[in-house]
Amino acid sequence: MKNASNRPLSPHLQIYKLPLTGILSITHRATGVVLAIGTLLVTYWLAAIAGGEESFNSANAILGSWFGKLVLFGWTWALFYHLSNGVRHLLWDIGFGFDIPTANLTSKIVVGASFVLTILLWIIA
Amino acid sequence: MDYCLIPCLRNLHDMSILTPFKRASGLGSTSDGVKHWWMQRMTAVALVPLSLWVAFAIASHAGEDYTTVAAWFAQPFTTTMLILFVFTAFLHASQGLTVVIEDYVHHDGVKVTALVGVKLVLVLLDQQRLEHFTYRICRLIEGANNQCPTIKSNTIPMTWLS
């Protein structure tokens, strides 16, 4: 839709330096889109179990290759990031943590939690 | 679906001095925004335990052989959790992608095509997979001679992705 008065509707991204909370916000969207595609991989693995031994082994060969592992590693980080930041969004929805100091603090907690959970998962796997 | 059919048509006749607020005011809501917003939160709440469980459960079974994994997979609790996860995750994904498209795609034709595409692909995929899972799990539990409901084509999901 055209903006009749030509006033800017959002910050000029090449000039405006995104604050930490802004970077987390756009990363939340990006990981959401990535997860929508990546979750197909998980269901592929589940369908491969249901399909029998042959399809299970071929799925494991694909996902267990170095490239498969790299993709899965990225998927788990995206999942845990989106999960942690999603909880932060749910807290906002019930009215908690809107002030700037708290928002900055929870930003750091979210990034930390996403890496901790990812590393924990790959220690188990 | 909340694309801007009426505001967009009005825009064609509206050159100029009206502000965006003035153009939008008085047109009313598209009716399903609150439900969409609320359902996205509800699926998000459900996905907190579900996705944590799925990620760590799958990780703890990584590298095991087929017999072990299939036995785990056929347990009622596992099956229930996986079906809930797949269904909720794709619903949440479809709602999220809808919002992203609405925000960033400004060409009406492309926008509507993408929105309909997301709905059809994700919802159909979900449906196919649920049918496929249910059938295969029934076979695993009941064995080859069984009363499992047949599905139209149980090879479709596999050929799509393998």
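Which backbone oxygen does the side chain of Ser114(A) reach? In this predicted model, local features need pLDDT of at least 70 and side-chain atom pairs count only at pLDDT 80 or more, while totals for chains, interfaces and linings use all residues. Residues are numbered from 1 along each chain as its sequence is written, chains are lettered from A and ligands numbered from 1 in the order in which they are written, and side-chain values use heavy atoms, with hydrogens and water left out.

The side chain of Ser114(A) reaches the backbone oxygen of Val111(A), at 2.7 Å. Ser114(A) belongs to helix α4 (residues 100–124) of chain A; helices are DSSP runs of H or I with at least four residues, strands are runs of E with at least two, and both are numbered from the N terminus. With a relative accessible area of 0%, Ser114(A) is buried, a term that denotes under 20% relative accessible area (1.4 Å probe, protein chains only). Residues up to four places away in sequence aside, Ser114(A) touches Trp77(A), Phe80(A), Tyr81(A) and Ser84(A), where contact means heavy atoms within 4.5 Å.

Chain A as a whole contains four helices and zero strands. Of its 125 residues, 38% are buried.

His82(A) is listed by UniProt under "binding site" in an unreviewed entry; such annotations may be inferred rather than shown by experiment. This residue lies in helix α3 (residues 66–93) of chain A and is buried, at a relative accessible area of 16%. Beyond its neighbours within four places in sequence, His82(A) is in contact with His28(A), Thr31(A), Gly32(A), Leu35(A) and, from chain B, His92(B). A polar atom of the His82(A) side chain lies 3.5 Å from the backbone nitrogen of Gly32(A).

In chain B, helix α4 (residues 66–73) has Tyr66(B), Val69(B), Ala70(B), Trp72(B) and Phe73(B) as its buried residues. Seen down the axis of α4(B), these residues fall within an arc of 160 degrees (taken from the directions from the helix axis to the C-beta atoms), so they line one face of the helix. At the start of α4(B), a side-chain oxygen of Asp65(B) comes to within 3.2 Å of the backbone nitrogen of Thr67(B).

Apart from residues up to four places away in sequence, Phe85(B) touches Thr39(A), Val42(A), Leu47(B), Leu50(B), Ser51(B) and Val54(B).

Terms used: Buried < 20%, exposed > 50% of the residue type's maximum accessible area, 1.4 Å probe, protein only. Polar contact = N/O pair within 3.5 Å; in protein donor to acceptor, adjacent residues only side chain to side chain.
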